[in-house]
Amino acid sequence: MEPGSVENLSIVYRSHDFLVVNKHWDLRIDSKTWRETLTLQKQLRFCHQLDFSTSGALCVALNKAAAGSAYRCFKERRVTKAYLALLRGHIQESRVTISHAIGRNSTEGRAHTMCIEGTQGCENPKPSLTELVVLEHGLYAGDPVSKVLLKPLTGRTHQLRVHCSALGHPVVGDLTYGEPSGREDRPFRMMLHAFYLRIPTDGECVEACTPDPFLPSMDACWSPHTLLQPLDQLVQALRATPDPDPEDGAPGPGSPSALLPGPGRPPPPPTKPPETETQRASCLQWLSEWTLEPDS
């Protein structure tokens, strides 16, 4: 697999106000020196974050007004996101709701990682909710693996990786929350990909679906043998989910009903607390740093 470069940047959505790029799996979206010189990172404003080793849909606002509109969508929980992943082991349930609260790990040597409530060193855990749908069972380099669709209903740091690890099925290639060193010598990347993204801003609905990277034609180590849920059906369900009214406080795209039809649905995700003065000041600072004004 070739490394990421400017030349192989893939754009999956384009408008006057937004770009959605298909982030390569080995690219960072920021650097320590971006404040010191005029760089592309200073002119662009990413509407959200992806981990260094996570590939897929990443939205870029092209002006200050668009950035503010996207920010409001994330703040009001109106954004729909879905990820593809290869997880260790064969998950027997077809659909799983993971609801472990997630906090920061204060254990020595693990200060930059997260953990679930009840584990040693877990500080300030917050309610977290992820929906998981099993797509396929197969083998990766001879080991049992499940291909899944993950839908985060909250937005905690490293949420999907932590939740999958807590389930006993870590992401293939995840060296932080996955198997002990020595087991992950075969994967060339972490097998987590931002597959689908919808941001219903005031001016337009930004919607993008990126190509599935977890195919045998892309990686000969991955050999699926049992299909449990066609991916295209879940994409149709995601696209058919109505966007919520920000005034009614409904969970909207984060609602479990989008992927779990029928009785026995889990409770809706926790209500997001009001924006603090610190958060608002951070957003205003973020918007004020624009190099290019939208009306210039």
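This text walks through a set of strands and then a set of salt bridges in a predicted model.

Start with strand β11, which spans residues 143–152. This strand is mostly covered. Eight of its ten residues are buried.

Strand β11 has partners. One of them is strand β10, residues 130–140. The two run antiparallel, and ten bridges join them. Together β10 and β11 form a hairpin, with two residues between the strands. Look at the turn: Ala 141 sits there, with a positive phi of about 55°.

Strand β5, residues 80–88, also pairs with β11. This pairing is antiparallel too, and it runs over six bridges.

In β11, Leu 149 is the bridge partner of Leu 84. Val 133 also stands opposite Leu 149.

Now turn to the charged side chains. Side chains of opposite charge can pair when their charged atoms come close. A search of the whole structure finds ten salt bridges.

Take Arg 161 and Asp 174. Their side chains meet in a salt bridge, at 2.9 Å from N to O. The pair links distant parts of the chain, 13 residues apart. Arg 161 lies in helix α3, residues 159–166. Asp 174 lies in the loop between α3 and β12, the latter covering residues 192–200. Both Arg 161 and Asp 174 are buried.

Next comes Arg 198. One of its salt bridges is with Asp 243, again at 2.9 Å from N to O. This pair also links distant parts of the chain, 45 residues apart. Arg 198 is in strand β12, while Asp 243 is in the loop between α4 (231–240) and α5 (277–288).

Glu 207 has a relative accessible area of 28% and is partly exposed. Asp 243, at 33% relative accessibility, counts as partly exposed. The reasoning rests on one cut-off: buried means under 20% relative accessible area.

Finally, step back from the single pairs. Arg 198, Glu 207, Arg 239 and Asp 243 are linked in a network of salt bridges.

Conventions. Residues are numbered from 1 along each chain as its sequence is written. This is a predicted model: local features need pLDDT of at least 70, side-chain atom pairs count only at pLDDT 80 or more; totals for chains, interfaces and linings use all residues. Side-chain values use heavy atoms; hydrogens and water are left out. A salt bridge is a side-chain nitrogen of Lys or Arg within 4 Å of a carboxyl oxygen of Asp or Glu. Helices (H or I, at least four residues) and strands (E, at least two) are DSSP runs, numbered from the N terminus. Buried means under 20% relative accessible area, exposed over 50%, partly exposed in between (1.4 Å probe, protein chains only). Two strands pair if DSSP finds at least two bridges between them.
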